[in-house]
Amino acid sequence: MTNMLGLKTKMLAAALVFGALLLLPSCAGHPDVPSSSKDAGCLPAIFPDYCDVTVPCNIAPLNFMLPADQFDACVARFSTPDGRQQTYGKGVKVQMPVSEWHAILDASKGKSLKVEVWGQKENEWLSFAPFEIHVADEPIDEYLSYRLIEPSYIVYDYMEIAQRDLTSFEETQIFNNKVSCDDPKGQCINCHSYQNYKTDNMLFHARVTRGGTVIVSDGKVSKVNLKRDNTISAGVYPAWHPTAKLIAFSTNLTHQVFHTAHPNKVEVFDTASDLILYDVATDSVSIISNDSTLLEVFPTWSPDGRYLYYCKSVPLPEELRGEDISATWSKVQYNLYRRSFELTSRTFGEEELVYDAASADKSVTLPRVSPDGRYILFAEGQHGCFHIWHHDADIACLPLAQDSVIDLSCLNSEGFAESYPTWSINGHWIMCASRRIDGNYSRVFISYFNNGKARKAFLLPQEDPEHNTFRLKSYNRPEFMVEPVGISVDQFSKVFQ
Amino acid sequence: MEMIQRNKATAIFLYVSLLAFISFVIYLLYINQEVLYTAHDRSEFIVGAPFFHTLVSKPFGLMQYAGAWLTQLFYHPALGACLLVAIWALIFLVGAKAFRLQGAATALMLLPIACLLTSIVDLGYWIYIFSIRGYWFSQSVGYLAMLLLLWAARCTPRRWHLAWYLLGFCIYPVLGWFALLFMLCLMLCDRPSWRELLGVVLLLFTASIWRTLVYSNQNPDDVMLAGLPRFITPIDSSSYLSIPFWALAAFTVFIPLCGRYLSRWFVPVLCAAAGIIYTCSFQFSDRNYTDEMRMMRLASDDNWQEVLRVAAENPNPSHSMVMLRNIALMNEGGLLERSFQLGNSGTDIHNPDSLHVSLLNIASPLVYYNYGKVNLAIRLSFENAVATGFSPFYLKILARCARATGEEKVVERYTTLLHHHPFYAHWQPAPISGKVSELQNAFADDINGVDNNCEGYIIYNFSHTSGTDSRTVSEQALFYSMIRRDSRCFWASIRNYVKLHPDEAFPLHAQEAYIMYMDKAPEEKRIMLPVEQQVYDRYKKFWETLEKQAKPGVKLEKIGEDMRREWGGTYWWYNIFGRKLL
């Protein structure tokens, strides 16, 4: 009953907003639909491509544009399932006010809205085939965080970890590498991670100047040095245990080399990597796995905390052992394993092979288990552990009760790297970083997932669609959050003093 | 009568001094045209919200944004220079009003202008590595804005000064250190009162308050005295280059304190002379510095004939110039006929700060691109652009590289950004030349470490490429094995060169090297090639001369210098006396 009332109230509010908007077309800048136009006979080549995508019911406006070098103007008409319509368009861009867009979404929740697009070219209007945007019932986590960094090689300058409100376009800074750095050599920040999508327990690393791992525990900030006598490095790739104040890390000796002609351009590789468990309360580190001949990396917990999944390299062919990276780079492959974990005794069970990628000449990285524990996502390429530089890398999804992966072609692109997959808290939205726009700058793509089926992925919306061209940074390590980080940059910076 | 004559004389001195100073400014900007073009080529201005927000999130960011936009005008150095001169002319006029200078004392405004001029011409090789956005205009625009405010403030009654101090505080995010300078000048312009005391308090705490209230995510060093240029990179720093700005502040404070007492006839002469001497003593002047810039501009446009013309006029080229010249010879022909005649011993760059600037920062992306090493060109473009900004130079070379690798969407991104530049509205990357394409396809993929020695990589890589079936690569392999003075590489590459160039004349420098290696480092199984008798006779004469010169106690460098005039254009001289590059 309460739900029904809530729904009615929302519908009434949506209707009121819509009505108000229709009464004030000129104030809101709603253009008229062209009185006459020529049928283009095809879908519009809009950027980003939002044709027939499925979006969350709380996502920010899906602003888009027609190619500026081909069109002079664009008008789009959005029709909701209840028959109401609204038009947008200024120049070649369609940019919608957040409140109006949310009214449209509210009116289309669980259904589809129809979009008709007209493009003006040399004083003639073309009308394109209409397309639909499907509005899912399931919302997406309200916040997303990522590191903004040039698709760089060795040199870095300004970098920041930012958080974005997915229901609007607001982007704020969690931390940047300049605020507390007084050394010209600079500081590198990376690997932000949260416990259970919440931000009162989180971490990120800082390296070079005043390096360490910044850990927020119940809202209190501290910096710790995770390099211990018995570890090969400080903590690198983190995974918070879902219930306890424990963090699994890989420790890595990481290097990078450059291809002189290969399209992949960069190879990032480890010469050693192990797994450790860090106890936040006692500041103690214990070894999970440290096979000296193989490389263990990318730990991630099952949602119940009873299993730790991770990737582990397979032995190199006999003839390549002892060879350097110029001979081995394309032969290093990782499989997916797991170990059971007993929280009370803090002991790990025997290693189990979960997915044998190497036997299919593939390599698995960055696993993430779905919140319902039924699926596991990972990035899969032919070789190596750093798939964001591998053009052949795709996101794969393995039902944990099966041996083979399910089709995620709707999420993946052809010939461009996809990496760093993750789930929303309700398990209905998959997000990954992809270089598909131009092969160089990674952007965030989101896909609807339900009962083992994914829908066409859509690009993270921006207020100005050209923002994707103007921002010369990559979106690195996108992570969902259900709440924003409440600690200010200044507060974080104090742990470096 | 005497008074009128004295005033007349003072006016004459003032106008003559102004004329002399203006002539000096115009002359200096004229001879720095290549520097100004390079300023636009290496300065970042990216259209759109991300670049704008990045800048305005810091105090003085709006000035930097305006400065970055205006720097684009240096595409036509004369246009940018005219604008700069116009801003300085306004500074002179507004400054005279703001400080209430009259007669001869107005010439005092030449001193701040000399400081701003100095900051334009003293950078030297910092131009390739510093990352201060909008540097070229932001200080002049900021200073002009400060003077306008001061003028406006001094036109109002003194009781309003407190409001002006508050305004100075409020506009700190826009004017940065110039807002503080404005408050300081306003205090010094009139006799102290309780208002000035409040002004002092505001002045002292303005930056801290803004840091606490608004800029808490910024490094305190970037908020205090925001906008005052600091020249720091991870490996270099210079306090020398900050001197003109401290001098600018000092002169600006000095003028309200002493300006009224400096109206004697000789003041304009002194100011103009001081300004000229000051700027001359700080300006960076080096022929290779500007020739390098000219060659870079021409090489970026694939104008190889002009590159060769500039190279031919320079007797002591730098490493970058040698590299660009050899690429020009590869494209225009004559590498093995002319290269050693023009000299292959690059000189080190001259700079007062002992900067870590090299071919890597100056020309490496262009060199790698033209040698077909496109991935390396992309990497070094990124390394440099991340440190200094995605300037037109890097956007253009990245677009060219992307076209060469077939990444059309990347080409589109960079050309879209360039098309918002006032002078690149229709820019498109030039088609990939046959040479670049041939070189690009001649090499298999290889794994390369973090070695940033571009010159060493090119020399080593080409000299070990004797097995190629590309005619261009075989020529480069022979050339760089000669540069390397490696007899094993030489013999391997000359065999391949002869095989791939069957109907061509045996180039002069290859003959010279062949004779020398046959004499000094022959292979067991010799390759017999016809050489000109004249070249062989010269070789004998070279050794006779060398033996005569080589006496006990005489240093090799001295012998090399003595023999340079007659033999400096031969491979033999290079082989023995030339600077070792690897």
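Ala179(B), Leu180(B), Met183(B), Leu184(B), Leu186(B) and Met187(B) of helix 10 of chain B are in contact with Glu196(B), Gly199(B), Val200(B), Leu202(B), Leu203(B) and Thr206(B) of helix 11 of chain B. Two residues are in contact if their C-beta atoms, placed from the backbone, lie within 7 Å. By class, the contact of helix 10 of chain B with helix 11 of chain B has nine nonpolar, two polar and one charged residues. Here Ala, Val, Leu, Ile, Met, Phe, Trp, Tyr, Cys and Pro count as nonpolar, Asp, Glu, Lys and Arg as charged, and the others, Gly among them, as polar.

This is a predicted model, in which local features need pLDDT of at least 70 and side-chain atom pairs count only at pLDDT 80 or more, while totals for chains, interfaces and linings use all residues. Residues are numbered from 1 along each chain as its sequence is written, and chains are lettered from A and ligands numbered from 1 in the order in which they are written.

Helix 10 of chain B spans residues 177-189 and helix 11 of chain B residues 194-213; their axes are 10 Å apart and the packing angle is about 160 degrees. Helices (H or I, at least four residues) and strands (E, at least two) are DSSP runs, numbered from the N terminus. Axes are lines fitted to C-alpha atoms, for helices over the stretch in contact, and angles run from 0 to 180 degrees between N-to-C directions. Helix 10 of chain B and helix 11 of chain B are therefore roughly antiparallel, as angles under 35 degrees count as roughly parallel, over 145 as roughly antiparallel, 65 to 115 as roughly perpendicular and the rest as oblique. The crossing of helix 10 of chain B and helix 11 of chain B is left-handed, a term for a near helix turned anticlockwise from the far one by less than a right angle, with right-handed used if it is clockwise.

The axes of helix 16 (residues 304-313) of chain B and helix 17 (residues 319-332) of chain B come within 9 Å and cross at roughly 135 degrees. Helix 16 of chain B is therefore oblique to helix 17 of chain B. This crossing of helix 16 of chain B and helix 17 of chain B is also left-handed. Helix 16 of chain B contributes Trp304(B), Gln305(B), Val307(B), Leu308(B) and Ala311(B), and helix 17 of chain B contributes Met321(B), Leu324(B), Arg325(B), Ala328(B), Asn331(B) and Glu332(B). Seven nonpolar, two polar and two charged residues make up the contact of helix 16 of chain B with helix 17 of chain B.

Asp302(B) is in the loop between helix 15 (287-300) and helix 16 of chain B. Its phi is near 60 degrees, a positive value in a residue other than glycine. Most residues other than glycine have a negative phi, and most peptide bonds are trans. Asp302(B) is partly exposed, with 18 other C-beta atoms within 10 Å; a residue is buried if 20 or more other C-beta atoms lie within 10 Å of its own, exposed if 12 or fewer, and partly exposed in between, with C-beta atoms placed from the backbone.

Phe282(B) belongs to helix 14 (residues 267-282) of chain B and counts as buried, with 20 C-beta neighbours inside 10 Å. Not counting residues up to four places away in sequence, Phe282(B) touches Thr118(B), Asp122(B) and Pro244(B). Asp122(B) is 160 residues from Phe282(B) along the chain, yet their C-alpha atoms are separated by 5.7 Å.

Chain B as a whole has 31 helices and three strands. Buried residues make up 50% of its 582 residues. The domain assignment of chain B gives domain 1 (2-285) and domain 2 (499-582), with bounds that come from an automatic or database domain assignment.

Toward chain A, 38 residues of chain B are in contact with 40 residues of chain A. Helix 21 of chain B gives the largest share of the chain B side, eight residues.

In chain A, a cis peptide bond joins Phe47(A) and Pro48(A), with omega about -5 degrees. Arg346(A), in the loop between strand 23 (334-342) and strand 24 (347-355) of chain A, has a positive phi of about 55 degrees although it is not a glycine. Arg346(A) is exposed, with 12 other C-beta atoms within 10 Å.
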